Amino acid sequence: MSVIQLDSLTKRYASPRGASAPPTLALDQVSLTVPAGEIFGVIGRSGAGKSTLIRSINLLERPDSGTVRVGDIDLTALSARELQRQRQRIGMVFQHFNLLQSRTVAGNVRFPMELAGGRSAAQMDARVDELLALVGLSEQRDRHPAQLSGGQKQRVGIARALANQPEVLLCDEATSALDPETTEQILTLLGDISRRLRLTILLITHEMHVIHALCDRVAVLERGRIVEQGPVIDVFLHPRHTTTRALLANAGFLLDEGDAPDSGRPVLQLTAIGDAARQPLLETLRDSTGLRVNLLEGRLTRLKGIPVARLRAEVLATDVALRELPARVAALGAEAEWLSPPQDAPQREEACA
Ligand SMILES: Nc1ncnc2c1ncn2[C@@H]1O[C@H](COP(=O)(O)OP(=O)(O)OP(=O)(O)O)[C@@H](O)[C@H]1O
Ligand SMILES: [Mg+2]
């Protein structure tokens, strides 16, 4: 079941230079579906349209055309009053927290419940206690925002976003104002919350590591268009679009494919995911195929906690035909791809005899 479904959203902004200048196409027929309970990340460069996209979901920004469905309801078709009510199903977490400085931590978390109505003071207080425990801020309940660290402020922002028990949480660069350690803690908290509350999360970020730490799926936005989307593991390991490749390379996630080594020997890229990444892959291959390699580059990482190992190696010798190697690697639960030469691997057999 999908919880968020965007269909062909388009948004143009008039140029500040007046009607004679062309408008900015901030969203260009964006369609995406976020399945229930998943964490979906949208990544893109500055100006790609990320904020416009996330603000379109609760219609803080009204698209020129297209539809926004949350659950079964098309938000674009609602009256202002009904939209106000439906927005309670959508929580939002902001980059700069947007807390009320005059209210305490508890008062900030209570605020959306007061606006929504329908709860007694005792019910609201009980919910505040529950939420502050959830985000680890019970001790700070009577402090004011000015007395909190950035990470604590964002915990208040998250508790406040959850106050009215939303089905969907939208996060607009929720960790971009935080240092790396605090970022990790907030990402862990968001992951925990999504699991415990079965919450669907859509987040936008310009930081690749947010996607790989937290997300199940990712869409890459470029000039208002989605140029690539899919499960994080597929997009990270087999990026197709140049923008995705550039974003991954900048974040150090792609091996530097560089030039083929002068030796002219074939170059193999090995990728092992999950359990396969914990096995002595090269040693096993050496025993079963006589494979001897020169390691050129390697990387161990985790995608949403799943270990991923990727190696680039020059093949020095094997006892089996080169064209058999990928199947031998696949039999060990890993993946092999020829980087050089990609097509004529079988002809290179003699080169490494
Ligand atoms: N209110 C506005 N009026 C005019 N143009 C706008 C407005 N808001 C955004 N834009 C333009 O729309 C495009 C997309 O902007 P948006 O803020 O969605 O990008 P972004 O991906 O969030 O960028 P960043 O990573 O820098 O926050 C940009 O070209 C921007 O200049
Ligand atoms: Mg933005």
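Author: In this predicted model, the residues around ligand 1 are Y13, T24, A26, R45, S46, G47, A48, G49, K50, S51 and T52. Sorted by class, this shell has three nonpolar, six polar and two charged residues. Two elements, β2 (24-35) and α1 (50-57), each give two or more residues to the shell around ligand 1, and the largest share, three residues, comes from α1.

Some of these neighbours can be described at the level of atoms. For G49 the contact runs through the backbone, where an N or O atom lies 3.0 Å from an oxygen atom of ligand 1. For K50, by contrast, a polar side-chain atom is involved, and that atom lies 2.7 Å from an oxygen atom of ligand 1. T52 likewise uses its side chain, with a polar atom 2.6 Å from an oxygen atom of the ligand. As for cover, ligand 1 taken alone exposes 640 Å², of which the protein buries 59%.

By class, the lining of the largest pocket divides into 11 nonpolar, seven polar and five charged residues.

The second largest pocket has a volume of about 150 Å³. Of the 13 residues that line this second pocket, A277, Q279, L281, A309 and L311 are the closest to its centre. Here β11 (267-273), α10 (281-289), β12 (292-303) and β13 (306-317) each contribute at least two lining residues, and the lining as a whole consists of nine nonpolar, two polar and two charged residues.

To return to the ligand, the part you asked about, the contacts to keep in view when you look at the model are those of the G49 backbone, the K50 side chain and the T52 side chain, each of them set against an oxygen atom of ligand 1.

Notes. Residues numbered from 1 in each chain as written. Chains lettered and ligands numbered in written order. Predicted model: local features only at pLDDT ≥ 70, side-chain atom pairs only at ≥ 80, totals over all residues. Heavy atoms only, no water. Nonpolar A, V, L, I, M, F, W, Y, C, P; charged D, E, K, R; others polar. 1 Å grid on protein atoms, 1.4 Å probe; cavity = no way out; pocket = protein on both sides within 12 Å on 5 of 7 lines; lining within 4 Å. Points joined across faces, edges and corners; volume = space filled by probe spheres on them. Helix = DSSP H or I, 4+ residues; strand = E, 2+ residues; numbered from the N terminus. Near = heavy atom within 4 Å. Polar contact = N/O pair within 3.5 Å; in protein donor to acceptor, adjacent residues only side chain to side chain. Areas by Shrake-Rupley, 256 points an atom, 1.4 Å probe, with all protein chains shown as cover.
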